[in-house]
Amino acid sequence: SVAGFSVENSPPEETLMDESMLYFGQNLENQYVHSKFMAERAVLEAASKGLDARIMRLGNLMGRNRDGEFQINANANSFLGGLRAYWTVGCFPWSACLNRVEFSPIDSTARAILLLAGAPSGIVFHPFSNQTFFMGDIVEAMKDEGLEIELVEDDVFEQALAGAMKDKNRAERLVSLIAYQNVAQGRPAVMLGAKNEYTSLALRRMNWKWPEATGDYLHKFLRGMIGLGFFGAKEAR
């Protein structure tokens, strides 16, 4: 999150924050993002004065790799809120099908953090999975698990979203889709991404790597969320 936003393509939207970067011109107006930035700056200042510290910038924390089990307060997870929002709207735009998203299984992330905490060098690490899924594949897996969601053109999706936002029974389930719409007071804003080659190589040197992102894991995870009632009843749409 500390990568912040590109506003009106400043910094360039394709910028990826690596482990050596903290402030590089990104927009930090969002209070959540700003709090993370200030916390990292405080830790780095203390480290420069001798504190033995590590900063772990985590990714998209998801269910355990071994069984798909996830946090009990899944409602607080923004990414999952987005998936539920698409299901609530009933459709997903074709234009976003090839967008990639990483899943960092929480048990694998815990292992990576423990290993990196004992690394002989480095302060900032990016322990998030270098394995990704296409959003289109996630949507297809949702359909396979009985979550009806149609792939549509952008204009159809925008109309469906607008209609859902006018429905007070559904609008509250769309927060994750619209949370950052006004982050730059109406100016075009894009959340910037990050890369983790340095961290992934450090983990490889310790004979550890991220588990492969497979359809089996994805279905196992979705079945777990459905079983917990996360998506709710079909009538909720």
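The second largest pocket in this model has a volume of about 160 Å³. Before I go on, please keep in mind that the model is predicted. What lines that second largest pocket? The lining is made up of A119, P120, S121, Y198, L201, A202, R205 and M206. Sorted by class, that lining of the second largest pocket has six nonpolar residues, one polar and one charged.

Rolling a probe the size of a water molecule over the atoms shows where empty space is left. How many cavities of 30 Å³ or more are there? The count comes to one. The largest cavity has a volume of about 50 Å³. Its lining residues are N65, F103, P105, S129, Q131, F133, P211, E212, A213 and Y217. For the largest cavity, the classes of the lining are six nonpolar, three polar and one charged.

Now the helices, and I will start with α4 and α9. Helix α4 covers residues 135-144, and helix α9 covers residues 215-227. Their axes come within 10 Å and cross at roughly 55 degrees. That angle makes α4 oblique to α9. As for the hand of the crossing, α4 and α9 cross in a right-handed sense. Which residues meet there? From α4 we have D137, I138, A141, M142 and D144, and from α9 we have L218, H219 and L222. By class, the contact of α4 with α9 holds five nonpolar residues, one polar and two charged.

Helix α4 also has a contact with α2, which is residues 78-89. Here the axes of α2 and α4 come within 12 Å, with a crossing of roughly 60 degrees. Why call this pair oblique? Roughly perpendicular starts at 65 degrees and roughly parallel is under 35, and with a crossing of roughly 60 degrees α2 and α4 are therefore oblique to each other. The crossing of α2 and α4 is right-handed. On the α2 side the residues are F79, L83 and W87, and they meet M135, I138 and M142 of α4. The contact of α2 with α4 divides into six nonpolar residues, no polar and no charged.

Note on methods
Residues numbered from 1 in each chain as written. Predicted model: local features only at pLDDT ≥ 70, side-chain atom pairs only at ≥ 80, totals over all residues. Heavy atoms only, no water. Axes fitted to C-alpha atoms, helices over the stretch in contact; angles between N-to-C directions. Helix = DSSP H or I, 4+ residues; strand = E, 2+ residues; numbered from the N terminus. Parallel < 35°, antiparallel > 145°, perpendicular 65-115°, else oblique. Left-handed = near helix turned anticlockwise from the far one by under 90°. Contact = heavy atoms within 4.5 Å. Nonpolar A, V, L, I, M, F, W, Y, C, P; charged D, E, K, R; others polar. 1 Å grid on protein atoms, 1.4 Å probe; cavity = no way out; pocket = protein on both sides within 12 Å on 5 of 7 lines; lining within 4 Å. Points joined across faces, edges and corners; volume = space filled by probe spheres on them.
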